[in-house]
Amino acid sequence: KAALIGGTKDLNAGQIIDRIGVKMGLKFPCGPAMEDLAKAYPGRVKGLKTSVNEYLCNLSGLENMALKLLAETGDKSLVAAFVLEFIAETLAKMTAWGREQYPDIPVLFAGGVMSNSLIAENICKRFENVYFSTPAFSADNAAGVALLCRAKYQKDPCEMARYSKQEICGIDVSKFPVLTEEEKRDLLQKSRAGDAVARDVL
């Protein structure tokens, strides 16, 4: 049985990173470039005033603080380090609260922002029995979903909708080839003709 015990009350971490990254002229999505900039910052980040109340956090204030810091210093590396440290501190406080409620369970961090090595290192130093998936499995889910759908479509388009989530997730996606231009055109034509499976794959 699964239950939601925490979350953000406003913006999520990925939105914050991309919003601030775009303001600094980084390529969207901004996570990788933000991490590189943060790693280049030689000092220690100060003035982290996170907003965490038990299992809920507010991240919208981080955007204002980061943009103010950028305007005052012009130091993109400092701003990147500040943003990622702020997110890590927020996660640490929420994890600490969760551990008080559920002391014996492991904690798994997943999702695009959790592929950030600086955040993972920060959390792993402070807690035991916490886990981060490798960056390749923490990225945007859209690519993985597209590959899984394509594999099932190629195997048997008519039966694709019958597979359970468990069966789909059991496929070794590392062996899937990339769609050729001809395959893309074929799927597009089928989608325009009303083929629901082709439309879902696209």
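Student: Is Asn 129 buried, partly exposed or exposed?

Tutor: Asn 129 is partly exposed, with a relative accessible area of 33%; buried means under 20%, exposed over 50%, and partly exposed in between, using a 1.4 Å probe and protein chains only. This is a predicted model, in which local features need pLDDT of at least 70, side-chain atom pairs count only at pLDDT 80 or more, and totals for chains, interfaces and linings use all residues. Residues are numbered from 1 along each chain as its sequence is written, and side-chain values use heavy atoms, leaving out hydrogens and water.

Student: What is the phi of Asn 129?

Tutor: Most residues other than glycine have a negative phi. Asn 129, however, has a positive phi near 60°.

Student: Is the peptide bond from Phe 28 to Pro 29 cis or trans?

Tutor: Most peptide bonds are trans. The bond from Phe 28 to Pro 29 is cis, with omega near -5°. Pro 29 is placed in the loop between helix H1 (13–23) and helix H2 (31–40).

Note on methods
Helices (H or I, at least four residues) and strands (E, at least two) are DSSP runs, numbered from the N terminus.
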